[in-house]
Amino acid sequence: MTMVEDLGRLSKRSGPQSSSLQDGSRIAVVGAGPAGSLFSYFLLNMAEAVSLDIGVDLFEPRHFCHRGPAGCNHCGGIVSESLVQRLATEGIMLPDGVVQRGIESYTLHMDVGDVEIETPLAEKRIAAIYRGNGPRNSEPLDTHSFDGYLLELAQEKGANLVPRLVTGVRREDNRMRVTCADQYCNDYDLAVIATGVNSRLVESLEDESREFRRPGRTKTFICEFLLGRDVIRDTFGPSMHVFFLDIPRLKFAALIPKGDYVTLCLLGKDIDDELMQQFFSSPEVMNCFPKGTVPSHVCHCYPRINIDAANPAYSDRLVMIGDSGTTRLFKDGIGASYRTAKAAARTVVFHGTGAEDFEKYYAPTCRAISKDNQVGKVVFGFGSLIQKSRFARRGVLRMTANEQKNANGSRRMSEVLWDLFSGSASYTDVFLRTLHPAYIGSLLWNLVAGNSPSASSRNGHGRGQECDRVEH
Amino acid sequence: MSNTKTPPRASAQPVFWTHAQQLEKLPPCQAQCPNSGDVRGWLGIIAQHEKTGLTLEQAYDRAWEKLTELNPLPATLGRICPHPCEDLCSRRDKDGSVSINAMERYIGDWGLARSLKWSVPAQSEKPESIGVIGSGPASLSFTYQMARRGYQVSLYERHAVAGGMLRQAIPDFRLPREVLDAEIQRLFELPVTLHKNTEVGLDISLNELRDRHALIFLGLGAQGAHRLGIPGEAGPGVVSGIAYLRRRKQRLALTTGRRVVVIGGGNTAIDAARCARREGAEVTVLYRRSAKEMPAATNEVDDARAEGVRFEFLVSPTQVLRKGPVIQWIEVQAMRLGAPDEQGRRRPVPIPGEKRLLRVDTVIVAVSQAPDWAGLDLEQDDTQWLMTEEDGRLAENLWAGGDDRGPAIAGKAIAQGRLAAEAAHAELSGTRRPLECQERRTLNMGEIKPDFYRDQERECQARRPQEEWLDSAEPEIDQTIGHEQAQREAARCMSCGLCFDCEACFMYCNGGGFTRLEESRPGHYFALSLDACEGCGKCIEVCPCGYLEVRESSANGSDQ
Amino acid sequence: MARLGKQYSDGDVIFREGDTGTCMFVIQKGEVEVFVESDGHELILRKIGANDFFGEMALFEHETRTASARAVGPTHVLTIDKKNFLAGVHEDPSLAFRIVKTMSHRIRNLTDRLAKYEEDI
């Protein structure tokens, strides 16, 4: 080594206590879900672009090759249209084994009838995936975990996978000390928390550091039904089935067809027995299944989702991404993980790892998501109003069905519903569109027409099928 | 009723619904150990010492106490046990079984180096006095278990020192006599008296002893040796393996000559062959089956080869030939393997016409041991082993254990001595015997999840350089593992079937069903609340050691 | 096997020179030929494979397609909407980095080819 190089290294090390990454900096990423893996991937990518030589330790004790809950990160498993496009733009293609099914339409189920909303381009741009490697006891077919795939990408970029369970992250002499259940302990220049809200780490961080408030959570229900590929093709098709039912406390429910399984994803307030029983015994749900019977499920869980962002989601040398920090309300959590992960990576590579850097460059992304969530609450509020009113449901059904029949006309309702269900557009965008006079006008007309006595005769053809099932 | 505990009922079929429960299981090492050694227990104390607030020194002390609850000779067994515990270690196929035997030795040596005191249960002195005949591992184990319960024990040993076959037959290079001395000496810290040079049946009769003591334990061993039954066997130049080893251990003069042939394939044969090599002889081991069938421990055979012992397989001696009184040749018959016998071992069959002569100065016959209690006035003759009840009871106030019930490894003798003591104590004191750990379910293969454990190479004992093996001082070949090695090795234990605080269930339970216990010890770190359990089964699937399992009543949705 | 995007068979034209474009395409699987036609002659500009994109100019300009694209063998192509792309770039300009890098690469190629062409003349 020449003296010049030696001096260079010395000056780098003994320089002012700056909180920006330097050659040799070490970063701990806790959790290898989409947020952790994408952060590592983009961080190393950007660091390479600016010739910064850093080390990333990605902590994840579980194996995504395991079937069942051990290798699963619990979610409905939808990669939204917008995220599929953005990942493709970044050069990240979802391989065949990861995509369990390409979704090309949404089927809206209401008591007043069903309607199928097709993607505008007749193209499969929504991916149904498994976060782990498929449900409990599933056959080891050619499935591949989505999270496992992203982790492989991060590892290919140079992230070092550390298979240990992190139980503590704390500040120690201006560095972040990561401790694990097996007593392993190491110090880092930056700690990135990407554990989601279904691990206790965020909780213990809040208790220990008192530097922030952990995210607010609510319980959801997810389960898997084994129906077989052929049955799914004939019943559910490449369509995600969304339920707009007048069941108290039910916010949203969808059946997502995958390879041999159909995933149920249920959101609501204080999900309990009663709510689920009402849901499972509603004819709209039962009729989705072969012979009108809901089969037994093979795997279920009650994952928590983030409904209120961590505040703040960063401090010096510490940042929370994905569900541990901020996510989109109810929808497209993976998309939010991508956005926050990338924003955090950008911040630390191009600006720094101090709280002020995160405030200036990372927080805006979180705030944009949170702000949109406020609008989202209003939109879901409208949604539940419609859900509660048979009158309104008829109008929505009629308007959507007519739009779907008329291939070349405007499709305001269809697009609003599509974007709302698929999480493809921001809530703000969806909301603004519903304020458009043409939308309101059309809806009003359909409300009247859909509820007039002759409605059923006019509505009985096309994609929308009036199936006015008065309680059997 | 908790509102999340019942699955949706819209379906007619049962629903997969998995409430978890914490249930300790018997680990395979303990199931394999003849003495049911709580390997997981004493390794766990070391591996989890930080979690339970112990210093490393305290942890080793406690591990020694735990280990010596069942085995008073850990430094000895840590050297000579063929360690069946390691055969089915869950770690075996991942990166090698835990070096349990090396750890036992390390802890045994730790106890000797620190002169640790027995952990004696707080019990009053008992009035009954106990007589023990023989002082091999079974007798020592029985003596220890009775003495620490407060009984006065008298040991009757025909030799000048206690130890039985451990002392008489195992060569110093496998078990240095200082180690055995130190471990046996410690027994006399308990109310134990040794009557040395006392041969029961000769110096004192068994009936006299039965009058003197409330209870007698027979640890007679298998002092006899089977003979080959071939012409010329009786006569100078032919000696039994046990006799040879005993004379050598007693440092008596040996005149074995240059060419030694050892007959047999067991550990005694190998020990005898290795000893003869140390006397400078050219040694050939003859075995009538092939190498694969040889019962001796593989590593001992490998070491013997390394020392220059030759092996000839599929040969059987047919006669010993002398010139006058001096042995000259041994005639051997070539064999082949025939049909399997009742134990599944293939029976050797002679190949007609294939005989040859081997030049020989001494033949050591080590084919198998036999009972020998001549003069003891037992109701049973010594053509067969003692038939006791399972706990070792032979007759009223007469118990037995060890090789006199059939030859086995030393660990088995320790176990028989201990179990007899537990049963005898229960009888004398009118108390119940402690529940055997066998009553716990053994961990099934597949319940342990090896890929949740990080890879960690097995630590092995260092060995003396091979050129020093045949040194006249007869140094021990294997060396006790180092301190860091021992710590790393203890941490390799997967704690099969018992919580070791990996925290996976606690960290990943969606419902927050696990709470940390304020007072923790190995196996006891978390409490599980069924009210919070949402039945997803994640904790069971991320539990690496198989401690968490499906609660039976809930497996098919019939809970409540 | 589950695959995203739209499926094209061998020889299917994905877009034609002169069409108005509002999106870019990313190849999921298979190959695509980008070509121009003049005097009934076809000139193949380049052949691109999985993970590569084409039609990217439409994202930045409001003009017609400068070339045609055609599937070679069975091909899956994913569409990237201009609106989605621009919304993304607005939030995170680095989203465009890969496209800019590839376009820069293509310009370099073109320059080389042009220089060579002028030399030949």
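**Backbone features and chain contacts in the predicted model**

Pro312(A) is situated in the loop that runs between β18 (304-308) and β19 (314-315) of chain A. In this predicted model, the peptide bond between Asn311(A) and Pro312(A) is cis, with omega at about -15°. Most peptide bonds are trans, and most residues other than glycine have a negative phi.

Gln183(A) belongs to the loop between β10 (175-180) and β11 (185-188) of chain A, whereas Asp332(A) occupies the loop between β20 (318-320) and α9 (333-350) of chain A. Gln183(A) counts as partly exposed because it has 14 C-beta neighbours inside 10 Å. Asp332(A) is buried, since 24 other C-beta atoms lie within 10 Å.

Chain A as a whole contains 15 helices and 20 strands. The C-alpha atoms of chain A fill a box of roughly 90 × 50 × 40 Å along the principal axes. Of the 472 residues of chain A, 54% count as buried. Among contacts in chain A with a separation of 6 or more, 73% involve residues 24 or more positions apart.

Between the chains, 30 residues of chain B are in contact with 32 residues of chain A. On the side of chain B that touches chain A, α16 (504-508) and α17 (538-542) of chain B each supply at least two residues. The largest share, four residues, comes from α16(B). The residues of this side comprise 13 nonpolar, eight polar and nine charged.

Key
Residues are numbered from 1 along each chain as its sequence is written. Chains are lettered from A and ligands numbered from 1 in the order in which they are written. This is a predicted model: local features need pLDDT of at least 70, side-chain atom pairs count only at pLDDT 80 or more; totals for chains, interfaces and linings use all residues. Two residues are in contact if their C-beta atoms, placed from the backbone, lie within 7 Å. Ala, Val, Leu, Ile, Met, Phe, Trp, Tyr, Cys and Pro count as nonpolar, Asp, Glu, Lys and Arg as charged, and the others, Gly among them, as polar. A residue is buried if 20 or more other C-beta atoms lie within 10 Å of its own, exposed if 12 or fewer, and partly exposed in between; C-beta atoms are placed from the backbone.
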